[in-house]
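Please look over the sequence and the fold shown below before reading on. The briefing that follows takes up aromatic rings, disulfides and nonpolar cores in turn.

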Amino acid sequence: MRFFRDCFATFASTRVAARPFVFALLVALATSACSGTGDGGTGDPPSKPAADPCGGGDRLPDVVGEPTWVDPTQAMSKSCSYPPDRPVSLSGLRIVAIDRYDETGNGASGNYYVQDGCADPIGPYAGMTVYAPSFSPPDLRLAEGDVVDVLGNLMEFAGPTSGPFPQCRTLPEIGGTMTFRFELGSALPAKTIPTTDLKTYEGARQYLGMLVRIENVEIADKAYESSGRYSAPIDVGGGISQIDVPSISNELFDLKNEGPLLAEGVKFKSVTGVVTYFYGFKLAPRSAADFEL
């Protein structure tokens, strides 16, 4: 207490005549700058943030999990028991990619890919597609690396009405509103995973929406193109059906014209991208820099 009085006297000696608001400010500064540690020291006392910087909402791994409704006997998905949509309030999601590339020319862009921004290390089911979100405030503009909250509905998209995904498979998506929490920078770490994890729906689903890195990648066949979509299958070993062969795709940038050659037998030391699903799993690089020769 005596230390506080001495410090305050020093501040009070400053000329602040006719400036009562300045005097009040100096009182506040004296209180904070001269606070002791309780043991006679003059350092700042230990402090804890008033709130979790990642927010108090749900975490992605807590709301997304294994697809118990998948049925390998349902080739045409005629009698599936899909889960209902449900409301979610998620906090601390880090934007890993924004789809600004309309590869089909019919408005196929605008999705945000997010993953748990507070988990260290990143575990399974930590990623998500936020489908054509709205923003609060409406003029909010977000970038890769920003940490956000999302309020909306979690749905298991079963595919277009013209033809559902096979075997009752689904793509988890959130539709809702994004709000900004804080900026974490654009240097996004990718989770390195075994290429063999992409061989099956059950193995690859846990990485949907996440930024991952696979190593020793070989293109298994020539690239193919349909309605603006351009992709090339990767070699993950045998023993799987054609629908389960994963591909590198052009969902996030003009891979055909701006990326490396994707021809049968071409090898890469590593490829980084976002894991997506549409009748099959794909790895979507964000730019040519995601390829390591």
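Which residues form one aromatic cluster? The cluster is made up of Phe157, Phe165, Tyr201, Tyr277, Phe278, Tyr279 and Phe281. This is a predicted model, in which local features need pLDDT of at least 70 and side-chain atom pairs count only at pLDDT 80 or more, while totals for chains, interfaces and linings use all residues. Residues are numbered from 1 along each chain as its sequence is written, and side-chain values use heavy atoms, with hydrogens and water left out.

**Aromatic rings**

- Rings of Phe, Tyr and Trp (its six-membered ring) pair if their centres lie within 6.5 Å, and planes under 30 degrees apart count as stacked, over 60 as edge-to-face and the rest as tilted; by this rule there are 10 aromatic pairs.
- The rings of Phe165 and Tyr277 have centres 5.0 Å apart and planes at 80°, so this pair is edge-to-face.
- Phe165 lies in the loop between S5 and S6 and Tyr277 in strand S12 (residues 267-277), so that the pair links distant parts of the chain, 112 residues apart; helices (H or I, at least four residues) and strands (E, at least two) are DSSP runs, numbered from the N terminus.
- Phe165 is buried at 0% relative accessibility, and Tyr277 is buried at 3%, where buried means under 20% relative accessible area, exposed over 50% and partly exposed in between (1.4 Å probe, protein chains only).
- Tyr277 also forms an edge-to-face pair with Tyr201, with 5.6 Å from centre to centre and 75° between the planes.
- This second pair again links distant parts of the chain, since Tyr201 is in helix H4 (residues 201-205) and Tyr277 in strand S12, 76 residues apart; Tyr201 is buried, with a relative accessible area of 0%.
- Arg229 lies over the face of Phe278, at 5.5 Å from the ring centre, where a charge sits over a ring if NZ of Lys or CZ of Arg is within 6 Å of the ring centre and within 35 degrees of the ring normal.

**Disulfides**

- A disulfide is a pair of cysteine sulfur atoms within 2.5 Å, and by this rule the count comes to two.
- Cys54 lies in the loop between helix H2 (20-33) and helix H3 (60-63) and Cys118 in the loop between strand S2 (112-116) and strand S3 (127-130), so the pair ties together parts that are 64 residues apart in sequence.
- Cys54 is buried at 10% relative accessible area, whereas Cys118 is partly exposed at 30%.
- Cys80 and Cys168 form a disulfide with their sulfur atoms 2.0 Å apart, and this link is left-handed, with -80° about the S-S bond.

**Nonpolar cores**

- A nonpolar core is a set of buried Ala, Val, Leu, Ile, Met, Phe, Trp, Tyr and Cys residues joined through side-chain atoms within 4.5 Å; the largest one has 32 residues, and those with the most contacts inside it are Ile214, Ile234, Ile248, Leu262, Val271 and Phe291.
- The largest share of this core, four residues, comes from S12.
- Apart from this core lies another, of 21 residues, among them Val63, Val114, Met128 and Val148.
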